[in-house]
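Keep the structure in view while reading.

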Amino acid sequence: VQLVESGGGLVQAGGSLRLSCAASGSTFSINAMAWYRQAPGKQRELVAAITGGGGSTNYADSVKGRFTISRDNAKNTMYLQMNSLKPEDTAVYYCNADMVVYGLGRSFYWGQGTQVTVSS
């Protein structure tokens, strides 16, 4: 099973980016998913999370009103729409998924990360 993030890049402050996280591989089901980020010299922190059905979300205070998490279960893909970006949003963004994989059981999986850089 793989989680692959995409959509990161360099953007000016006030701009927008949309991150994607696609799951692929063996037979699996996905429960809750989340986006985390890690800035240089800082601990990894939760940015946003979404339940399996997509009906409930939560956000870090620092991104509320600017970021929107969503998912398309038919495509096994999660998104993070990031608007009004600030330099302090600069970090490597990781997706995380609570998955049940056939033959392996339930575990949390991580993507490889995608760099988001916001210039002032």
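The model is predicted. A search of the whole structure turns up two aromatic pairs. Tyr94 and Trp110 make an edge-to-face pair, with 6.5 Å from centre to centre and 85 degrees between the planes. Tyr94 belongs to strand β9 (residues 91-101) and Trp110 to strand β10 (residues 105-110), so the pair ties together parts 16 residues apart in sequence.

How exposed are the two partners? Tyr94 has 14% relative accessibility and counts as buried, because buried means under 20%. Trp110 has a relative accessible area of 38%, so this residue is partly exposed.

The charged end of Arg44 sits over the ring of Tyr94. The charged end of Arg18 sits over the ring of Tyr79.

| Charged residue | Ring | Distance to ring centre |
|---|---|---|
| Arg18 | Tyr79 | 4.0 Å |
| Arg44 | Tyr94 | 3.7 Å |

Now the sheet. Four strands form an open sheet, and their order is β1-β3-β8-β7. The pairing is antiparallel. Strands β1 (2-6) and β7 (67-72) are the edges, each pairing on one side only. On average, neighbouring strands of this sheet are turned by 15 degrees against each other, direction ignored.

Strand β7 pairs with β8 (residues 77-82) in the antiparallel sense, over six bridges. Within this pairing, Ile69 stands opposite Leu80 in β8. In general, strands of a sheet pair through backbone hydrogen bonds.

Methods. Residues numbered from 1 in each chain as written. Predicted model: local features only at pLDDT ≥ 70, side-chain atom pairs only at ≥ 80, totals over all residues. Heavy atoms only, no water. Pairing = 2+ DSSP bridges. Helix = DSSP H or I, 4+ residues; strand = E, 2+ residues; numbered from the N terminus. Axes fitted to C-alpha atoms, helices over the stretch in contact; angles between N-to-C directions. Phe/Tyr/Trp six-rings, centres within 6.5 Å; stacked < 30°, edge-to-face > 60°. Buried < 20%, exposed > 50% of the residue type's maximum accessible area, 1.4 Å probe, protein only. Lys NZ or Arg CZ within 6 Å of the ring centre and 35° of its normal.
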